[in-house]
Amino acid sequence: MNYPENPLWDRLVAFLIDLIVIRFLLFPLNYILFQIVLYFGLLPVFKPIVIIFDLLVFWLYFAGSESYECGTTFGKKIRHIQVLSEDGSEITFRVASIRLAAKLISILLLGLPFLLAYNEKNQPWHDRVAKTYVASTKR
């Protein structure tokens, strides 16, 4: 398969746009969650609840968008890129979840696997783990 060129810059900008979208999604949702926690008197466990809730939204946003929206999140649509499997087909929710888990591991390791593990196919570590690549949608 011929892997199209895709600059790291496009991927980074798309990811930052997606983080902004997630923050806007989480702000009202966290407020509602806070009101529910207050109502039930669960304030001492609010922080762990929010962390779990935020991770769930993060996972559903990325894995859901990349598997059900033709391989794109909102940020990827703006940057005209999409995630595909190595054979060129759309990815499944399972594959998108594996890709996201590998990306989160990379982020926790200060991005070193992401930056240092690029190969000749322009795939960072998390794309190789999930057997995916990011392609340009510009014609």
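Which residues make a nonpolar surface patch of about 920 Å²? The patch is formed by L25, L29, Y31, I32, I36, Y39, F40, L42 and V45. Patches here take residues with over 30% relative accessible area and no salt bridge, joining like charges within 9 Å and nonpolar side chains (Val, Leu, Ile, Met, Phe, Trp, Tyr) within 5 Å. A salt bridge is a Lys or Arg side-chain nitrogen within 4 Å of an Asp or Glu carboxyl oxygen.

Before going on, a word on the model. It is predicted, and local features need pLDDT of at least 70, side-chain atom pairs count only at pLDDT 80 or more, and totals for chains, interfaces and linings use all residues. Residues are numbered from 1 along each chain as its sequence is written, and side-chain values use heavy atoms, with hydrogens and water left out.

Now for the overall layout. The protein chain has 6 helices and 2 strands, in the order α-α-α-β-α-α-α-β from the N terminus. Helices (H or I, at least four residues) and strands (E, at least two) are DSSP runs, numbered from the N terminus. The C-alpha trace spans about 55 × 30 × 25 Å along its principal axes. Accessible surface comes to about 8,500 Å², 71% of it belonging to carbon and sulfur atoms; areas come from the Shrake-Rupley method with a 1.4 Å probe, and for residues only the protein chains shown count as cover.

I36 counts as partly exposed because its relative accessibility is 42%; buried means under 20%, exposed over 50%, and partly exposed in between (1.4 Å probe, protein chains only).

Helix 2 (residues 46-68) comes next. Its 23 residues reach 31 Å from first C-alpha to last, close to the 33 Å expected at 1.5 Å a residue, where the expected span is 1.5 Å times one less than the number of residues. Among its buried residues are F46, V50, D54, V57 and F58. The buried residues of helix 2 pack against helix 1, helix 3 (74-79), strand 1 and helix 4 (93-108), with contact meaning heavy atoms within 4.5 Å. Just after helix 2, C70 takes a positive phi of about 60°.

Finally, the strands. Strand 1 (residues 81-85) and strand 2 run antiparallel, joined by 5 bridges; pairing requires at least two DSSP bridges between two strands. One of the links is that of I81 to its bridge partner S136 in strand 2. Strand 2 (residues 132-136) is largely enclosed by the rest of the structure, because 4 of its 5 residues are buried.
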